[in-house]
Amino acid sequence: NPRIKSVNLRHLKGSLDMSSIEKYAFPKGLQLLQRWQAGNSEAQEEMRDFFDAAIDGKFDENFRLLAPTNRIHSTASVHMLGLGLLHDLYGIETHEYYHADAYRYVRTNLAVSRLLGISKFYMTWAVYAWTCEPLGQKMMYPDKFPPGSDPDETLIDKANWKKLGTPDFTTGVPAAIDRILSATQELTGIAPLLQLSAPYSLAADIYGQEPLLTDVVNEPDTVNALLDHLGDVVLGPWMDHFFERFPEGWVELSDASGSPFFIGPDNCENMSIRSIRHTLRDKPYVDRVLDNNYRGDFVAEVKAKKRSSRRRGAIKNENSIPKRSKLLELTDAKVSVNPVFIMRLESDNVDVSFYEAQAIERNMPLTVGIGSPELDRNSIEDLKATKQETKEMAQRHVAAIKNVCETVDLPEDNHVGQSWPSHIYFEDINALSQFELVEIILNEINRANWQLTHGTYNFGMIFVSN
């Protein structure tokens with residue numbers, strides 16, 4: 001059949017050219033992702049050739065290239081997209097993807113970042129699941145979605161939590177993480193970044209969200225004792241193990257459950273953030289540990305509702321005058337556990353100008369998150385309108401980052417050799433993300449960087465040595 005022969009010859013020629021990753025430079029890699037996502041069979045074959053080459057190490061030389069130092073960066077958590085791709089292309093399921101082969105995992109995530117056009121690598125995994133699994137928490141491993149703790153079978157309760165001991169960091173998940181970090185450092189040269197749950201979020205996974213929230217209200221001293229125990233017997237020893245092996249590394253703690261959005265700003269400060277400071281007391285690496293994902297800052301800006309009567313049906317006097325002093329207090333607390341950069345996440349729902357001003361006032365870099373709901377293709381009703389909104393949002397975010405970069409003191413390398421997220425940060429890109437929106441955001445970054453190369457403004461004037 002001449003038609004089949006022609007297709008096979010085109011496929012053969014394409015596979016011979018796949019050793020060069022440069023052909024998928026932005027936006028061509030994103031366009032391939034769009035065709036793959038649309039179910040195009042030729043795109044799937046091309047994608048399989050691409051990942052055959054990536055997993056075989058053909059792109060390793062490219063992975064050593066770091067982001068330019070005088071540019072606005074993009075970073076992204078892409079492990080979910082990597083899982084979706086490998087499941088579709090090879091039938092690899094979740095447990096095998098995360099556990100079986102560290103080099104395949106790392107090369108997949110690095111290759112996905114290159115396809116997207118992301119400039120700065122950021123190696124991530126299912127952090128909440130992988131922090132509680134070594135403790136013995138029952139887990140759920142779906143076929144093509146990240147793992148999670150089983151909410152119906154929690155590991156500890158009020159009667160036995162004090163018996164929880166230190167896990168073995170030389171086997172299972174901790175060993176898998178060490179292998180991933182070693183492979184990442186070998187392939188990219190960047191400093192390893194250990195990601196763990198913070199004490200409150202770890203407690204939520206192994207004690208249960210609802211029982212923990214009940215105790216937050218009724219037995220706050222018990223909650224604080226539980227969080228301190230988790231810091232003392234799990235997280236502190238795990239970080240000790242990590243820094244013994246990777247003394248130049250960093251630790252990123254994640255604490256979505258302990259955020260203002262879920263437990264309020266006061267509990268966030270007095271429980272979540274306090275427990276991190278407790279865990280890090282007297283640790284020699286305290287300045288290399290950060291928690292950058294507290295979310296829901298907007299709740300600190302609104303006064304509590306006032307009720308003129310407790311009677312059913314009484315008129316409520318709701319005062320929503322912003323409490324900026326409370327937001328500043330919350331920001332101080334967040335900076336105490338992230339002295340490295342100011343983070344604004346999508347779910348903070350506070351204008352980026354506030355974080356821009358705080359970064360400048362505190363002489364710190366600014367990172368701005370793009371939330372996964374902002375990219376979710378299934379929630380878009382009007383794609384044309386969403387594209388315009390996304391473009392305008394990206395312009396505001398990039399302008400804020402540009403202003404901060406021009407104003408604060410930055411190291412000469414602009415942190416490109418550090419593995420934590422900087423500048424524009426895609427909080428989660430997965431197989432259900434709308435890649436056209438990713439392209440729009442990266443276009444705005446590139447537009448600003450074009451101005452850099454053409455002399456409109458120059459980061460080089462603001463770099464200072466450490």
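Buried, in this account, means under 20% relative accessible area, exposed means over 50%, and partly exposed lies in between (1.4 Å probe, protein chains only). The model is predicted, and local features therefore need pLDDT of at least 70, side-chain atom pairs count only at pLDDT 80 or more, and totals for chains, interfaces and linings use all residues. Residues are numbered from 1 along each chain as its sequence is written, and side-chain values use heavy atoms, with hydrogens and water left out.

A salt bridge is taken as a side-chain nitrogen of Lys or Arg within 4 Å of a carboxyl oxygen of Asp or Glu. Side chains of opposite charge can pair when their charged atoms come close. The whole structure contains 22 salt bridges. One of them joins aspartate 150 to lysine 138, with the closest N and O atoms 3.8 Å apart. Aspartate 150 lies in the loop between strand 3 and helix 9, and lysine 138 in the loop between helix 8 and strand 2 (139–140), so the bridge ties together parts that are 12 residues apart in sequence. Helices (H or I, at least four residues) and strands (E, at least two) are DSSP runs numbered from the N terminus. Lysine 138 is partly exposed, with a relative accessible area of 39%, whereas aspartate 150 is buried at 8%.

A further bridge links lysine 387 with glutamate 436, where the closest N and O atoms are 2.5 Å apart. Because lysine 387 belongs to helix 17 (residues 383–407) and glutamate 436 to helix 18, this pair ties together parts that are 49 residues apart in sequence. Both partners are partly exposed, lysine 387 with a relative accessible area of 28% and glutamate 436 at 24%. Lysine 58 and aspartate 56 form another salt bridge, with 3.7 Å between the closest N and O atoms; here lysine 58 is partly exposed at 46% relative accessibility, and aspartate 56 is exposed at 52%.

Aromatic contacts come next. Rings of Phe, Tyr and Trp (its six-membered ring) pair if their centres lie within 6.5 Å; planes under 30 degrees apart count as stacked, over 60 as edge-to-face and the rest as tilted. By this rule there are 19 aromatic pairs. In one of them, the rings of tyrosine 24 and phenylalanine 50 have centres 5.3 Å apart and planes at 80°, so the pair is edge-to-face. Tyrosine 24 lies in the loop between helix 1 (2–16) and helix 2 (28–37), and phenylalanine 50 in helix 3 (residues 41–55), so the contact ties together parts that are 26 residues apart in sequence. Tyrosine 24 is buried at 5% relative accessibility, and phenylalanine 50 is buried at 0%.

Phenylalanine 169 and tryptophan 238 form a tilted pair, 5.4 Å centre to centre with 35° between the planes. Since phenylalanine 169 lies in the loop between strand 3 (148–149) and helix 9 (172–188) and tryptophan 238 in helix 12 (residues 220–245), the pair ties together parts that are 69 residues apart in sequence. Tyr97, Tyr98, Tyr105, Trp125 and Trp130 form one aromatic cluster.

The backbone also has points to note. The loop between helix 1 and helix 2 holds proline 27, and the peptide bond from phenylalanine 26 to proline 27 is cis, with omega near 5°. Histidine 423, in strand 11 (residues 423–426), has a positive phi of about 65° although it is not a glycine. Histidine 423 is buried, with a relative accessible area of 3%.

On a 1 Å grid over the protein atoms alone, a pocket is an open set of points where a 1.4 Å probe fits, with protein on both sides within 12 Å along at least five of seven lines; lining residues have an atom within 4 Å of a point. Grid points are joined across faces, edges and corners, and a volume is the space filled by probe spheres set on the points. The largest pocket holds about 790 Å³ of space. Of its 33 lining residues, His79, Val127, Tyr128, Glu427 and Asp428 are the closest to its centre. Helix 8 supplies the largest share of this lining, three residues.
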